[in-house]
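Visitor: I have not read a structure before. Please take me through this one, a feature at a time.

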Amino acid sequence: MTLADWLIGLMWVALTAYVVLGGADFGAGVWDLVAGGARRGARQRELIEDSIGPVWEANHVWLIFVIVLCWTGFPAVFASVSSTMYIPLTLAALGIIARGASFAFRKASTQLGHRRLYGAAFAGSSVLTPFFLGTVAGGIASGRVPRGLAEGDLVTSWWNPTSALAGVLAVVVSAYLAAVFLCADARRAGSVELTGAFRRRALGSGFAAGAVALGGIVVLRYDAPFLFSGLTTVALPVVVLSAVAGLVSLALLARGHFAVARVPAAVAVGALLWAWAVAQYPLLLPPDTAIDDVSARPEVLAVTLGVSAVGAVLLVPSLVWLFVLFQRPARE
Amino acid sequence: MSWPVLAEVTTPANLMAARTQMALSLGWHIIIACFGVGMPAITVFAEWRALRTGDETYRLLAHRWAKAMGVLFAVGAVSGTILSFEMGVLWPGLMETYGQVIGLPFTLEGFAFFIEAIFLGIYLYAWDRLPPKTHLLTGIPVCVAGVASAFFVVCANAWMNQPRGFDLENGIVTEVEPWAAMFNPATPPQTVHMILAAFLVAGFGMASVYAVAILRGRNDRYHRLGFAIPFTVAAVLTPVQIGVGDWAAHFLATNQPVKLAAIEGLYETSQGVPLRIGGFYSDGEMHYALEIPNLLSLLAHWDPNATVLGLAEVPPDQRPPVNIVHWAFQIMVAMGFALLALGAWALIVRWRRKRLPESRWFYRCAAFSGLASVLALEAGWVTTEVGRQPWIVWGVMRVEDAVTPVPGLVAGLAVVTGVYVLLTVATVAVLRRLAKAPLPLAPQEAETGDTERGEP
C-alpha cells in the first residue's frame, strides 16, 4: 500500500465515524420532527436532547476532519468536488448551521413558542443536511465530478438518480441508527413506553433502509453501471456483510437486546461506505481519476499520517471516556 | 438541463460576492471563536475559586458562564465548519494548488477541535456525573485546546502573509516542507496577537454584560464579581497586547512593507517619515492627516531618520486599497488605547482603594468595552486581510486566480447573508434570555449580599 492509500484509508475511517455517529445525531433530529405535538412529543424530545446533547459536537468534528484530510491529501479532489458541488455543499453548510445552532438555542430557551421555532429548524435541517451530503456522494460515485475547477455540471452532478438515491439513503440510514441508539437510551432512562416507540421506529426504518438499498441496486444498474459492476463483484462480500449485519441488528432489536444491537447496526451502515470504496478502488473521481493521480506530495502524506497517529493517542481515550461517561447513570 | 459554465471568466461581481461572503462568515465566526478561546479559562477560574473557598457566588457564576459557553461553542462550531466548506466552494484555485502546503496546521487544528468538543461536552453536561475536582480538571483541556486551535488556524493565515515551505514549477507545487510552511516568519507575531485579542474580546465582552447590570442598580456581590473577574483578565492583558501589536508592526516594516505603507498611506519611500493620524488618501498623498514628525520611522525601525518603504515600490495593480487599511488600523489602535485607559482606571482604583471603581462613568465606559474590543478585533482583521490585497497568498497568488469559476455567486451571497442575519438575531436573543434568567438565590449570597466589596 502506498502512503496515499493509507491516507484515503484514514479518511474513510473518519468518514465512517461521521456517518455512523454524526448520522445518528441527524437521525435523532428526524425523529424529533415526527415526534408529534408539543405535549405528546415532549418526552421523546427530552430523550433526544439528553442523548445527543453531550456528544453531537464531538461527532460533528469528524466531518471537519474528513474535509481537512481531503484538501491536505488530495487537494485536486477537494477543489474539483467543492467547485462542481457548489449548490448542494452550500445548502448542506447552511443546514449544518441551522441544525447545530437551533439545537443549542432550543436547549437554552424556555418559552414554548421559541422552543417550537428552534425545534422546527433543528429537525428540518436534520433531514436536509444528510440529504444534500448524500447527493454529493452520489454524484461522485456515479462519475459526475470530473477533475478540474467546476468541470462538472452544476445541477445534474447532484440532481440525478444516483444522487437522489444516496440522499434518501443517507436520511433513512441516519434515522435507523438514531432509533437503534435511542432504544437503549430510553431503556436506561427507565421508560417502557419510549423504549417501545423507538423499537418500532428502529424496526420500521431498518426495513426501509434495506428496501432503499436493495431498490437502489436497480437504479445503479442503469445510472451508474461502473459502480454497479464493482458492487456486484469485488465489493460483493462487503455488501453481503452490510445486509447480514442489518438483519442481525433487526433480530436483536426484536428480541430486546438493544445495547448489543448497536454494533451490527453500525456495521451495516459502515459497510455500505466501505462497499462503495472497494467498488471504485483505485479510482477517486470515477471514471478516470485514480488515487495516485491526485494525491499530495509524499512528504505531505507522511507528515499528515504521522501527526494523525500521534493525535489518535490523545483522541481515542478521550472519545471513549466521553461515550462511556454518558452511558452511565448520573451520580446523586 | 445544462448550465453554462463560465470557466476562467470570473466576473468582478462574482469575485466581489465571494470576497464578501468569506468576509461575512469569517468576520462573524472570529467574534464567537474569541469567546471559545477566552471564556473557558475565565469560567474554570471561577469554578476553581468556588471549590477553594466554598463561595456560592463563584459557583453560580461558573454555572452561568458555562451555559452561555454552551450556546457560543455550538454556534462557533457550526460557523467554523462553514468556513472549511467555503475554502473549497469559494476558493478552489487556492486549495487545489496550496491545500497540501497548509494542510498540516489544519490537520492539527482538527485534533485540537476534537479535544475541545469532547471535553466541552463533558464539562457542560457532567456536573452531576463527576466529583467536583474531576469536573474542574475537565475544563483544562477545553482551555488548552481552544488556545491551540486558535494558534493552528492563525498559522495558516500567517502562511498566506509569509508563504514558505514549498517549491513551485510552472504553477505546480513540486516540493513541500509542511513544518516550514506552518512555522513561517509571520507565525509568532500573528498567533500571539490573535490569542491575546481573543482573551480581550472574551474578557471585556463578559464584563460589559455585568457593567450594564450594575448601571441598572444590580450592584450586588454576584454582579460585581461577574464584572471584576473577566474585566481584570482583559485589563491586565491590554498593555501586553499593545506591546505585541508594536512587534507585529515592526514585523511588517521588514517583512511586508507594502502592507505597512498602506496602513500609513505612504507613497514615496522616504527617510524620517512622520506618523499620520486620520486623513484621507488619494493620488499618492495623505490629505488632512495629523502628522507627528519622524514618529513612523522611529516606531518602525527604532530610528527617527530610518527609511520606510512606500507604495511606489510596487506597481499600481499590487497595492492594497489604502483608505480601508489605513482607517481600519487607526480604529484598532484607537480602541486599544481607549481600553488601556479604562483598564488603568480600574487597576489604579483597585490598587489605591482596594475596591472596584464606583463612578457611574466608569461603568458607562465599561459597558461599551465589549463592543470596543470587538471593533478592534474586526478592524485588526481587516488591516491584515485587506492589507494583503490583491494577493490571497502574498506575492504568489492573486485573489482572482483563487476564486471559483462558478456563476451565480451573488445569489449565494444573498442566501448566506439572510441566514447570518437570522443567526445573529437568534444568538443575541438567546444570550439575552440567558443573562436575564432569574438567579437561584443561594443562602450565602443572601447573607453576605451587599456588605462585601467586590474583589478582582
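Guide: Start with one residue: A:Arg262 counts as buried, at 18% relative accessibility. Buried means under 20% relative accessible area, exposed means over 50%, and partly exposed is in between, using a 1.4 Å probe and protein chains only. The model is predicted, so local features need pLDDT of at least 70 and side-chain atom pairs count only at pLDDT 80 or more, while totals for chains, interfaces and linings use all residues. Residues are numbered from 1 along each chain as its sequence is written, chains are lettered from A and ligands numbered from 1 in the order in which they are written, and side-chain values use heavy atoms, with hydrogens and water left out.

Visitor: Which side chain does A:Arg262 meet in a salt bridge?

Guide: A salt bridge is a side-chain nitrogen of Lys or Arg within 4 Å of a carboxyl oxygen of Asp or Glu. For A:Arg262 the partner is A:Asp185, at 3.1 Å from N to O. A:Asp185 is also buried, at 8% relative accessibility. Helices here are DSSP runs of H or I with at least four residues, strands are runs of E with at least two, and both are numbered from the N terminus.

Visitor: How many residues of chain A are in contact with chain B?

Guide: Contact means heavy atoms within 4.5 Å. By that rule, 71 residues of chain A touch 70 residues of chain B. The size of an interface is often given as the accessible area lost when the parts come together. This buried area is found with a 1.4 Å probe and summed over both parts. For chain A and chain B it is about 6300 Å², with 77% on carbon and sulfur atoms. A:Trp71, A:Tyr86 and A:Ile97 supply 11% of the area that chain A buries against chain B, more than any other three residues.

Visitor: How many salt bridges and polar contacts are there between chain A and chain B?

Guide: The salt bridge count between them is 0. A polar contact is a pair of N or O atoms within 3.5 Å; within protein, one must be able to donate a hydrogen and the other to accept it, and residues adjacent in sequence count only if both atoms are side-chain atoms. Across this interface, 7 residue pairs are in polar contact, both residues at pLDDT 80 or more. On the side of chain A that touches chain B, the elements giving two or more residues include α3 (56–73), α4 (75–84) and α13 (298–327) of chain A. The largest share, 16 residues, comes from α13(A).

Visitor: What does B:Gln100 touch?

Guide: B:Gln100 is in the loop between α3 (92–98) and α4 (103–125) of chain B, and is buried at 8% relative accessibility. Leaving out residues up to four places away in sequence, B:Gln100 touches residues including A:Trp71, A:Pro75 and B:Val173. A polar atom of the B:Gln100 side chain lies 2.8 Å from the backbone nitrogen of A:Arg297.

Visitor: Which residues touch the most other members of the largest nonpolar core?

Guide: A nonpolar core is a set of buried Ala, Val, Leu, Ile, Met, Phe, Trp, Tyr and Cys residues joined through side-chain atoms within 4.5 Å. The largest has 232 residues, and A:Phe74, B:Trp91, B:Phe227 and B:Phe231 touch the most other members. Helix α2 (residues 56–89) of chain B gives the largest share of this core, 20 residues. A second, separate core has 27 residues, among them B:Leu260 and B:Tyr281.

Terms used
Buried area = accessible area lost by both parts, 1.4 Å probe.
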